[in-house]
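Have the viewer ready, and let us go through them one by one.

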Amino acid sequence: MKGYEAENIRSIAIIGHGSAGKTSLAETIMFDAGVTNRMGTINDGNTVMDFLPEEISRQISTSSATASLEWKENQINIVDTPGYQDFIADALYALVVCEGALLVVGAVSGVRAQTERLYKFAKENNAGMIAFVNKMDRERADFDRAIGEMESTLGANPVLTQLPIGKEASFEGVVDLLTMKACIYSKDGTGNFEEKDIPDQLKGQADEYREKLVEAAAESEDELVEKYLEEGDLTDEEILRGLRTGVVTGDILPVFCGSATLNIGVRKLLDGIQNMMPSPGDRGLITGVDAKGNETERKVSSDEPFSAFVYKTMADPFAGKLTLFKIISGSLKADTGFLNSTRDTKERFGNVFILNGKKQESVPVVSAGQLAAVAKLKETKTGDTLSDDSAPFVLPNIELPAPALSYAIVPKSKGDEEKVSAALARLMEEDPSMKTSREEETRESIISGMGQLHLEVTVERLKEKFGVEVDMKVPKVPYKETVKRSTKLQSRYKKQSGGRGQYGDVWLEIEPLSRGSDFEFVNKIVGGVVPRQYIPAVEKGVREAMAEGVLAGYPVTDLKVTLYDGSYHAVDSSEMAFKIAASMGFKKGFLDARPILLEPIVNLNVSVPEDFMGAVIGDLNSRRGKVVGMDPGEGEQIVNAQVPMAEVLTYAPDLRSMTEGRGSFSLSFSHYEETPGHLAEKIVEAAKGDN
Ligand SMILES: Nc1nc2c(ncn2[C@@H]2O[C@H](COP(=O)(O)OP(=O)(O)O)[C@@H](O)[C@H]2O)c(=O)[nH]1
Ligand SMILES: [Mg+2]
């Protein structure tokens, strides 16, 4: 690959819902551009972009993949992204580094929930967009409906650049509204086409949409509007210029169509990418902060100091770590180093690569606007900014959606705990949307992620890459125990049979405290009836009993224990004896003080389209949830509720099926509340069974 200047580079994130045909389209694009000489398929598991074992076995993309190719005078970089919400992090990072987004919409499926989410994020990132209506060869393909949904659901301004010729099994090509020719593709997958006159039955429609296309081009620039109004037409160059301006400003969404697997319409799409998509410089100045934290700007140009943004990390236990980044400014030579300006550490590396899926091409230098990769960096993570040592520059990282689902993981073979946590740490390097934690209260290792599929794939990766096998379990609820009334008791621990005995004697009062008060220990001993040196042992005995739990093995909270009387033996008393007396006494008193179980309550914010509101609220009621408020959002409602954690451990898949994938939610801990009696009984029973 020769070195291209920024204005001749197009970096495109291919986005859209799962199964729209993004990976297949990427494969065909690479074939048409001569990168490969044979088209792989999803079914055969031999595409360039879906190369991970889990992608081949599941036939879906779980990770983004990058390829660089040459098309006419340009270099086109494509980042094929996963379409499922579970793997959205990769799609979001791709949209940060690509100026352009290619929105793939299935001709049968139309616009889906995930299409909407990704479209919205692409807009927020000022990506210039064009759309490709794919699978025109499929049964029930409906081009017009797909266009209608772009307007109504996405709120986009679709501008047709083509009309499909035929559909379903008889789909054979497109009318190119730019050249006003019919392009009839050969059906052998070569992507070759013949230019013919527009068929009679499409002529009227073609004229109508040609006019709309020229109007849309004219409207994006004042100069073009004037000319169009005066002369009634624009030259081909002017039309392309106008369309490109409309794409860069985000005012229009030019639409192409075809079939990825039959290689129909893809060459025309590549021309469209080259002619209409923004180049890296079209984003204008890039704003970040310098070493002192002051706002500063960079021009996308090789003349500026080096800076780059890391959009992907691939961890391979054998080949080592590969870091993928987009060069914002300056250039980078092989066998040098840079500053990780986010972490303020220097990194060194050998080769600089340009990627085609997992294939690496080593290049001597890369410059502004390029996507490239280096291997074996020590500290760099996805979302970091890299800079020239002498000119630190830091871009903000993106905010990923909060994890939606958690599981406890248990190694299949005992003793693998450390191996598992080391492997998880490595996986987190490449997957910023995965989180791990240790729940001290339930003594479980937890992994949290975007959804069921995400966590299942994570567990698969543990096995594939690191050879550790784990089971996923619904995590335990961190219940707590407390009491509802006060009680007083004496507890005497005495062993006096030969030799030195044991003697400790305490009088304790146990009183409930309000929620969230934790624990208070009060010493009211007067006159040394319990000698001073034994008091800490008494408190320790109580604390140990509390940590172990009395009712069902959950930690005790929200109460006060007062030591108000006792007695001792000059020879037999010891710290140990007082600790045991206190611990036994506490347990006895606790059971006498109307013990209850407390359960964690979470704040749940659910975003749903209006149509699903009723179902979601009804479901929350059946989960013992209380709706505390509703905020109208854009075309949707946000339901704020408080729900017992025990009822929403698997809310992610449930909400998904309840809302056809269109609902999303976030969850945070709120407070503890008494568990209703009948449920508490069951939990106590279950705890007895465990022991
Ligand atoms: N008939 C037909 N099938 C397609 C087309 N594009 C993709 N597919 C099939 O649709 C499925 C999903 O494709 P894939 O490329 O994995 O979609 P992605 O999830 O968007 O990457 C695969 O079985 C493909 O073979 C197309 O244009 N026509
Ligand atoms: Mg895919």
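Buried means under 20% relative accessible area, exposed means over 50%, and partly exposed lies in between. Please keep in mind that this is a predicted model.

Let us begin with the metal. The magnesium ion (ligand 2) is coordinated by OG1 of Thr23 and OG of Ser61, at 2.0 Å. These two residues link distant parts of the chain, 38 residues apart: Thr23 belongs to helix H1 (residues 22-32), while Ser61 lies in the loop between helix H2 (53-58) and strand E2 (65-71). Are the two residues buried or exposed? Thr23 has a relative accessible area of 6%, so Thr23 is buried. Ser61 is buried too, because its relative accessible area is 7%.

Now to the backbone. Most residues other than glycine have a negative phi. Gln59 has a positive phi, near 55 degrees, and is not a glycine. Its place is the loop between H2 and E2, the loop that also holds Ser61. With a relative accessible area of 38%, Gln59 counts as partly exposed.

Asp344 is another residue other than glycine with a positive phi, again near 55 degrees. You will find Asp344 in the loop between strand E17 (337-340) and strand E18 (345-348). Its relative accessibility is 61%, so Asp344 counts as exposed.

The accessibility values for the residues discussed here are listed below.

| Residue | Relative accessible area | Class |
|---|---|---|
| Thr23 | 6% | buried |
| Ser61 | 7% | buried |
| Gln59 | 38% | partly exposed |
| Asp344 | 61% | exposed |

Note on methods
Residues numbered from 1 in each chain as written. Chains lettered and ligands numbered in written order. Predicted model: local features only at pLDDT ≥ 70, side-chain atom pairs only at ≥ 80, totals over all residues. Heavy atoms only, no water. Donors = N, O, S within 2.8 Å, 3.2 Å for Na, K, Ca; no water. Helix = DSSP H or I, 4+ residues; strand = E, 2+ residues; numbered from the N terminus. Buried < 20%, exposed > 50% of the residue type's maximum accessible area, 1.4 Å probe, protein only.
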